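Colleague: Could we go through this model together? I would like to begin with the sheet and then turn to the aromatic residues.

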Amino acid sequence: MTSRFLAFIARLISGATARWTAPLDPTRQRVYFANHTSHLDFIIIWSALPPAMRATTRPVAGADYWGKGPIRRYLSTKVFNAILIDRPSKQSGETLSAAAKSIETIAAGMGDHSSIIVFPEGTRSLTGEVLPFKSGLYHLLKLKPDLEIVPVYLANMNRILPKGEVLPVPLIGRVIVGAPMRFDPAEDKQTFLTRARDAMLALRD
(Lines give C-alpha, C1' and ligand atoms only; values in the text may rest on other atoms or scores of the structure.)
Protein backbone atom coordinates (compact mmCIF):
# COMPACT_ATOMS: atom_id res chain seq x y z
CA MET A 1 0.00 0.00 0.00
CA THR A 2 2.76 2.47 0.93
CA SER A 3 4.68 1.74 -2.25
CA ARG A 4 1.60 2.28 -4.45
CA PHE A 5 0.85 5.57 -2.69
CA LEU A 6 4.43 6.83 -3.12
CA ALA A 7 4.41 5.79 -6.77
CA PHE A 8 1.27 7.90 -7.23
CA ILE A 9 2.83 10.88 -5.41
CA ALA A 10 6.01 10.61 -7.50
CA ARG A 11 4.01 10.68 -10.73
CA LEU A 12 1.93 13.59 -9.43
CA ILE A 13 4.96 15.71 -8.46
CA SER A 14 6.93 15.03 -11.60
CA GLY A 15 3.99 14.96 -13.98
CA ALA A 16 5.96 12.13 -15.55
CA THR A 17 4.45 10.18 -18.41
CA ALA A 18 6.00 6.91 -19.50
CA ARG A 19 6.55 5.91 -23.10
CA TRP A 20 7.56 2.33 -23.93
CA THR A 21 9.23 1.90 -27.29
CA ALA A 22 9.14 -1.91 -27.18
CA PRO A 23 7.34 -4.58 -25.12
CA LEU A 24 9.23 -6.08 -22.19
CA ASP A 25 8.78 -9.58 -20.80
CA PRO A 26 7.67 -9.01 -17.18
CA THR A 27 9.37 -12.25 -16.09
CA ARG A 28 12.87 -11.34 -17.32
CA GLN A 29 15.64 -10.24 -14.97
CA ARG A 30 17.14 -7.02 -16.29
CA VAL A 31 19.08 -3.82 -15.69
CA TYR A 32 17.36 -0.51 -16.39
CA PHE A 33 20.05 2.12 -16.92
CA ALA A 34 19.28 5.82 -17.14
CA ASN A 35 20.66 9.33 -17.10
CA HIS A 36 20.99 10.86 -13.64
CA THR A 37 19.69 14.35 -12.93
CA SER A 38 18.02 14.37 -9.49
CA HIS A 39 17.48 12.43 -6.28
CA LEU A 40 14.01 11.59 -7.56
CA ASP A 41 15.29 9.71 -10.61
CA PHE A 42 15.08 6.16 -9.34
CA ILE A 43 11.70 6.85 -7.75
CA ILE A 44 10.33 8.18 -11.04
CA ILE A 45 11.54 5.15 -13.02
CA TRP A 46 10.36 2.74 -10.32
CA SER A 47 6.92 4.37 -10.21
CA ALA A 48 6.60 4.20 -14.03
CA LEU A 49 6.93 0.40 -14.06
CA PRO A 50 3.83 -1.80 -14.10
CA PRO A 51 3.08 -3.09 -10.56
CA ALA A 52 4.27 -6.66 -11.25
CA MET A 53 7.62 -5.43 -12.62
CA ARG A 54 7.94 -2.79 -9.89
CA ALA A 55 7.62 -5.50 -7.25
CA THR A 56 10.74 -7.28 -8.53
CA THR A 57 12.86 -4.19 -9.29
CA ARG A 58 15.41 -2.81 -6.83
CA PRO A 59 16.92 0.66 -7.29
CA VAL A 60 20.64 0.99 -6.67
CA ALA A 61 21.31 4.08 -4.57
CA GLY A 62 24.16 5.76 -2.71
CA ALA A 63 24.23 4.99 1.01
CA ASP A 64 25.70 8.46 1.62
CA TYR A 65 22.31 9.99 0.75
CA TRP A 66 19.62 7.32 1.00
CA GLY A 67 21.10 5.72 4.09
CA LYS A 68 21.27 9.01 5.97
CA GLY A 69 18.56 9.70 8.55
CA PRO A 70 15.69 7.43 9.64
CA ILE A 71 13.17 8.62 7.02
CA ARG A 72 15.40 8.18 3.97
CA ARG A 73 16.73 4.90 5.31
CA TYR A 74 13.19 3.60 5.91
CA LEU A 75 12.01 4.64 2.43
CA SER A 76 15.03 3.23 0.65
CA THR A 77 15.19 -0.11 2.45
CA LYS A 78 11.58 -0.84 3.49
CA VAL A 79 9.56 0.80 0.72
CA PHE A 80 11.75 0.82 -2.39
CA ASN A 81 13.85 -2.21 -1.35
CA ALA A 82 16.91 -0.40 -2.68
CA ILE A 83 20.39 -1.85 -2.80
CA LEU A 84 22.49 0.74 -0.96
CA ILE A 85 26.13 1.00 -1.94
CA ASP A 86 29.07 2.98 -0.63
CA ARG A 87 30.19 5.17 -3.49
CA PRO A 88 33.99 5.29 -3.75
CA SER A 89 35.72 8.64 -3.29
CA LYS A 90 39.03 9.62 -4.82
CA GLN A 91 40.15 10.89 -1.43
CA SER A 92 39.85 7.42 0.09
CA GLY A 93 42.67 6.02 -2.03
CA GLU A 94 40.66 2.79 -2.40
CA THR A 95 38.55 3.71 -5.41
CA LEU A 96 39.07 0.47 -7.36
CA SER A 97 38.55 -1.87 -4.42
CA ALA A 98 35.47 0.08 -3.27
CA ALA A 99 34.02 -0.03 -6.81
CA ALA A 100 34.60 -3.79 -7.02
CA LYS A 101 32.88 -4.25 -3.66
CA SER A 102 29.89 -2.20 -4.89
CA ILE A 103 29.54 -4.42 -7.98
CA GLU A 104 29.61 -7.54 -5.81
CA THR A 105 26.98 -6.01 -3.49
CA ILE A 106 24.70 -5.24 -6.46
CA ALA A 107 25.12 -8.71 -7.97
CA ALA A 108 24.35 -10.35 -4.63
CA GLY A 109 21.34 -8.08 -4.13
CA MET A 110 19.94 -9.09 -7.51
CA GLY A 111 20.18 -12.79 -6.84
CA ASP A 112 18.48 -14.80 -9.58
CA HIS A 113 15.21 -12.87 -9.73
CA SER A 114 15.51 -9.13 -8.99
CA SER A 115 15.96 -6.47 -11.65
CA ILE A 116 17.71 -3.19 -10.85
CA ILE A 117 17.76 0.50 -11.76
CA VAL A 118 21.23 2.04 -12.15
CA PHE A 119 22.76 5.32 -13.30
CA PRO A 120 26.04 4.64 -15.15
CA GLU A 121 27.19 8.27 -14.97
CA GLY A 122 27.84 7.67 -11.27
CA THR A 123 26.83 11.19 -10.27
CA ARG A 124 24.16 13.71 -11.16
CA SER A 125 24.66 16.11 -14.01
CA LEU A 126 24.28 19.77 -13.05
CA THR A 127 23.43 20.87 -16.58
CA GLY A 128 21.24 18.03 -17.80
CA GLU A 129 23.95 16.95 -20.24
CA VAL A 130 24.64 13.22 -20.02
CA LEU A 131 28.09 12.54 -18.59
CA PRO A 132 30.39 9.72 -19.78
CA PHE A 133 29.46 6.31 -18.39
CA LYS A 134 31.63 4.81 -15.68
CA SER A 135 32.64 1.17 -15.97
CA GLY A 136 30.38 -0.29 -13.25
CA LEU A 137 27.65 -1.41 -15.66
CA TYR A 138 30.20 -3.26 -17.79
CA HIS A 139 31.74 -5.07 -14.82
CA LEU A 140 28.31 -6.05 -13.47
CA LEU A 141 27.42 -7.60 -16.81
CA LYS A 142 30.72 -9.46 -16.90
CA LEU A 143 29.55 -11.13 -13.67
CA LYS A 144 25.98 -11.64 -14.94
CA PRO A 145 26.19 -11.70 -18.76
CA ASP A 146 22.72 -13.13 -19.32
CA LEU A 147 20.92 -10.08 -17.95
CA GLU A 148 18.71 -8.11 -20.30
CA ILE A 149 19.68 -4.42 -20.37
CA VAL A 150 17.18 -1.65 -21.04
CA PRO A 151 18.05 2.02 -21.66
CA VAL A 152 15.83 4.66 -20.08
CA TYR A 153 15.93 8.39 -20.76
CA LEU A 154 14.56 10.89 -18.23
CA ALA A 155 13.53 14.20 -19.74
CA ASN A 156 13.10 17.42 -17.73
CA MET A 157 13.90 15.80 -14.37
CA ASN A 158 16.87 18.03 -13.52
CA ARG A 159 14.47 20.98 -13.16
CA ILE A 160 12.11 19.13 -10.81
CA LEU A 161 14.59 18.65 -7.97
CA PRO A 162 17.80 20.59 -8.80
CA LYS A 163 20.96 19.70 -6.94
CA GLY A 164 21.04 21.41 -3.57
CA GLU A 165 17.25 21.80 -3.37
CA VAL A 166 15.06 19.98 -0.85
CA LEU A 167 11.53 20.51 -2.21
CA PRO A 168 10.57 19.37 -5.71
CA VAL A 169 9.15 21.82 -8.26
CA PRO A 170 6.14 20.35 -10.10
CA LEU A 171 6.88 20.14 -13.83
CA ILE A 172 6.14 17.83 -16.72
CA GLY A 173 8.70 15.05 -17.01
CA ARG A 174 8.98 12.07 -19.32
CA VAL A 175 10.25 8.55 -18.85
CA ILE A 176 11.19 6.96 -22.17
CA VAL A 177 11.92 3.23 -21.95
CA GLY A 178 13.93 1.77 -24.81
CA ALA A 179 14.13 -1.63 -26.45
CA PRO A 180 16.04 -4.37 -24.59
CA MET A 181 19.70 -4.92 -25.44
CA ARG A 182 22.06 -7.85 -24.97
CA PHE A 183 25.56 -7.88 -23.57
CA ASP A 184 28.32 -9.45 -25.63
CA PRO A 185 31.08 -10.81 -23.34
CA ALA A 186 33.55 -10.49 -26.22
CA GLU A 187 32.92 -6.74 -26.48
CA ASP A 188 35.57 -4.51 -24.95
CA LYS A 189 34.62 -2.14 -22.16
CA GLN A 190 34.71 1.16 -24.02
CA THR A 191 32.86 -0.18 -27.04
CA PHE A 192 30.07 -1.50 -24.83
CA LEU A 193 29.80 1.68 -22.74
CA THR A 194 29.65 3.80 -25.90
CA ARG A 195 26.98 1.53 -27.40
CA ALA A 196 24.90 1.64 -24.22
CA ARG A 197 25.19 5.43 -23.86
CA ASP A 198 24.30 5.96 -27.53
CA ALA A 199 21.21 3.75 -27.15
CA MET A 200 20.06 5.83 -24.19
CA LEU A 201 20.75 9.15 -25.92
CA ALA A 202 18.82 8.02 -28.99
CA LEU A 203 15.66 7.96 -26.86
CA ARG A 204 15.69 11.72 -26.40
CA ASP A 205 15.34 12.46 -30.13
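This is a predicted model: local features need pLDDT of at least 70, side-chain atom pairs count only at pLDDT 80 or more; totals for chains, interfaces and linings use all residues.

Colleague: What is the strand order of the open sheet?

Modeller: The order is β1-β7-β6-β2-β5-β3-β4, with mixed pairing; strands are DSSP runs of E, at least two residues, numbered from the N terminus, and two of them pair if DSSP finds at least two bridges between them.

Colleague: Which strands stand at the edges?

Modeller: β1 (17–20) and β4 (83–85) do, each with a single partner strand, so one side of each has no neighbour in the sheet.

Colleague: And in which sense do β3 and β4 pair, parallel or antiparallel?

Modeller: β3 (residues 57–62) and β4 pair in the parallel sense, over three bridges. G62 stands opposite I85 in β4.

Colleague: Changing topic, how many aromatic pairs are there?

Modeller: A search of the whole structure finds nine; rings of Phe, Tyr and Trp (its six-membered ring) pair if their centres lie within 6.5 Å, and planes under 30 degrees apart count as stacked, over 60 as edge-to-face and the rest as tilted. The rings of F33 and F133 have centres 6.1 Å apart and planes at 85 degrees, so this pair is edge-to-face.

Colleague: Are F33 and F133 buried or exposed?

Modeller: Both F33 and F133 are buried (under 20% relative accessible area, with a 1.4 Å probe and protein chains only; exposed is over 50%, partly exposed in between).

Technical notes:
Residues are numbered from 1 along each chain as its sequence is written. Side-chain values use heavy atoms; hydrogens and water are left out. Helices (H or I, at least four residues) and strands (E, at least two) are DSSP runs, numbered from the N terminus.
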